[in-house]
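Colleague: Could you take me through the packing in this one? I'd like to start with a helix and then get to the core.

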Amino acid sequence: MAGSEQDKARMLERAARQMRHLIDREEEQRRKQESKARRAARPHGRRRPGRQLDEDADEVAFEKMSRRAQRSAPAASTAVRVDGLPRAIVAAVHHGRVDLDNGESARLAHRLFLDPEFHLAVGDEVAFTATEGPARIEAVLPRRSSLRRPDPGNVHRDLVLAANVDVAVITAAVADPPLRPGLIDRFLLALDGSGVLPAICVNKADLAVDAAAVERVVAPYVAMQVPVFVCSAATRAGLEPLRAHLAGKVCVFVGHSGVGKSSLLNGLDPDGARAVGDVRGDGKGRHTTSWSSLRRLADGTRIIDTPGIRSLGLERLRVEDVRAGFNEFAAAGRCRFADCRHREEPECAVRAAVAAGRISELRYGSYLRILESLE
């Protein structure tokens, strides 16, 4: 019985403490409201006791705040007004120097040079300020297209090979090195969605042993309405149709080393005097172009020459992207499975179209190899 009385007393004492806590809490809120009302009724500009205004200190504080804002805000070329500034196209990018297509050399404005996110590419349109020395690049205008590939040293970053390109001429060779349609397909897939239109140039037609075999290789691309040019830089055969297709455009030649890109460019631009090299003993080409450069021809065509690319990184592509890149597959009909990869799945419309000859076996083989490289 005594225990029950003690428990009851403890419960009453606990309840009293809780009531005191609630009362204190309510009193605290009431006092806060009264203090807020007194501050609101105080005249504006009234100084707090003990606080002295120091105009010099305020100016120092404002200067520090401005500096912090400048450090936190990334340097952006769009922050500079480019109205009225002369413009030019980047023709080459060297260490510490930029060549413009107007024949002048230029340097980057200090804020652009210090911006780690700023990257300049051949083909970029820039606004610059004339100085006593090299012109100073103030801003880069927005790109309408770009040819890029993943950075081998950082798969999360892209390397822009050329900017503002109208046409990318995918260059292959009939022989020496041998014609590889799979490389053409990889380039077409890489260009998909870049804003750059593709064209295909098959060089060294003078080395063709079987012209009909070359026609069979390029037939799927003709059916896809991709412009195809079979020519020879050595004999100049077929260069005029290619020249007419590129007239007035910004174009870039891409392809495996050794296919004769530099020889083709020399044929289109005899004044360029680009170095050419022989194919190595292992069948791979020698790199004769060490950096990207741009030249303007008499007819207004601007040609960007890029170093030879032995392979294209397609690591970021998904299976859905690869299927969409081979757009002729859509005309084959509906597969049994919506996510069909067109390999071993039953009732595959694409494999049936390949067997019936409606889809090129070479293109289908490229599709399977690219798909396998992603796994």
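Modeller: This is a predicted model, so local features need pLDDT of at least 70 and side-chain atom pairs count only at pLDDT 80 or more, while totals for chains, interfaces and linings use all residues. Residues are numbered from 1 along each chain as its sequence is written, and side-chain values use heavy atoms, with hydrogens and water left out.

Colleague: What does α7 pack against?

Modeller: The buried residues of α7 pack against β8 (167-173), β9 (197-203), α6 (239-246), β11 (250-255) and β13 (302-305). Here buried means under 20% relative accessible area, with a 1.4 Å probe and protein chains only, and helices (H or I, at least four residues) and strands (E, at least two) are DSSP runs numbered from the N terminus.

Colleague: And how many residues of α7 are buried?

Modeller: Seven of the eight residues in α7 (261-268) are buried, among them Leu 264, Leu 265 and Leu 268.

Colleague: Where is Val 259, and why does it count as buried?

Modeller: Val 259 lies in the loop between β11 and α7, and it counts as buried because its relative accessibility is 3%. Its contacts (heavy atoms within 4.5 Å), leaving aside neighbours within four places in sequence, include Thr 171, Pro 177 and Asn 203.

Colleague: Switching topic, which residues have the most contacts inside the largest nonpolar core?

Modeller: They are Ile 170, Ile 184, Val 202, Val 252 and Ile 304, in a core of 30 residues. Such a core is a set of buried Ala, Val, Leu, Ile, Met, Phe, Trp, Tyr and Cys residues joined through side-chain atoms within 4.5 Å.

Colleague: Which element gives the largest share?

Modeller: That is α4, with five residues.

Methods:
Buried < 20%, exposed > 50% of the residue type's maximum accessible area, 1.4 Å probe, protein only.
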